[in-house]
Amino acid sequence: MPLPRYGVAAGTFLDFTRDPSHDFGHWYHGHLTLATPEGPHHAALDVDSPSDNGVAYRVVDGLTTADIAAVRALPDGFHPLASTPSSGALDYVRSPMLQDVTWVAAVAALIRRLRLLLARPAVGAAAFGPDLADRLAGLLPVRAYPWVPSDGDNALDVLQPYLHAASRIYVFGQRFDTGLGVHDVHLNQGDPYGSPWWDDNGPWQDGAVVCEHATGSVAVWQIKFDTQVLTTDDAGHPR
């Protein structure tokens, strides 16, 4: 079933650390802590995984507080969000604010669909990391936000300045079973049939770190695994 405890933790920056060692090809995390009236909220940020998997990140900037009006109206703390467009939930595939310009998005979707049809990768294969579409987007003088391969530290290096400059931070993901915090701060759809995460697929339940700044500007830091596709059906499963 889709994530049962999906929502957003809102608060101000308190602390940011990384796992004490980075053994490349294994799980590696950043650890973000927000100050809230309920107490510190912790967020585990996946930025590297076993070598047969792969992770990518991107930052969508140039946004404003109007783009996050639904969650900005919430007080600090954790809030469950319905998996609907109007709740303030995020969807990497469907949220208007996270989309490249229409024709760039269409070309990227076509390239990725052709890869899926022609390559027919095995279940769980790390076949959907940054590709030709991302390389092209990085060269275009238009609104386009390419995915970048993560070695763990580069994804966190990009995020850290946004955190320190933020007046308010929103972490989207699934609430911890116990304690105050959020995990699954990444794409939560597009996992292939047969994978351990197939049943977690769903629309409007993606994780991300959103940084609001005193100027009114907003940036969204996104993470996905290379086994996940960005062309999904209404159930969040790969098309």
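Visitor: Is Asn201 buried or exposed, and what is its relative accessible area?

Guide: In this predicted model, whose residues are numbered from 1 along each chain as its sequence is written, local features need pLDDT of at least 70 and side-chain atom pairs count only at pLDDT 80 or more, while totals for chains, interfaces and linings use all residues. Side-chain values use heavy atoms, with hydrogens and water left out. Buried means under 20% relative accessible area, exposed over 50%, and partly exposed in between, with a 1.4 Å probe and protein chains only; Asn201, with a relative accessible area of 3%, is buried.

Visitor: Which backbone atoms does the side chain of Asn201 reach?

Guide: A polar contact is a pair of N or O atoms within 3.5 Å; within protein, one must be able to donate a hydrogen and the other to accept it, and residues adjacent in sequence count only if both atoms are side-chain atoms. The side chain of Asn201 reaches the backbone nitrogen of Gly190 at 3.2 Å and the backbone oxygen of Asp191 at 2.9 Å.

Visitor: Where is Asn201 found?

Guide: Strands (E, at least two residues) and helices (H or I, at least four) are DSSP runs, numbered from the N terminus, and Asn201 is found in the loop between strand S8 (181-183) and S9.

Visitor: Which strands pair with S10?

Guide: Two strands pair if DSSP finds at least two bridges between them. Strand S4 (residues 55-64) runs antiparallel to S10 and is joined to S10 by eight bridges, with Thr64 opposite Ser217. Strand S9 (residues 208-212) pairs with S10 in the antiparallel sense over four bridges, and Val210 has Val220 as its bridge partner. Four residues lie between the strands in the hairpin of S9 and S10, where Gly216 takes a positive phi near 95 degrees.

Visitor: Why is strand S10 described as largely enclosed by the rest of the structure?

Guide: Eight of the nine residues of S10 (residues 217-225) are buried, so the strand is largely enclosed by the rest of the structure.

Visitor: How many residues does the largest nonpolar core have?

Guide: In soluble globular proteins, nonpolar side chains tend to be buried together. A nonpolar core is a set of buried Ala, Val, Leu, Ile, Met, Phe, Trp, Tyr and Cys residues joined through side-chain atoms within 4.5 Å. The largest here has 27 residues, and Leu32, Leu45 and Trp221 are among those with the most contacts inside it. Apart from it lies another core, of 25 residues, including Leu3 and Leu187.
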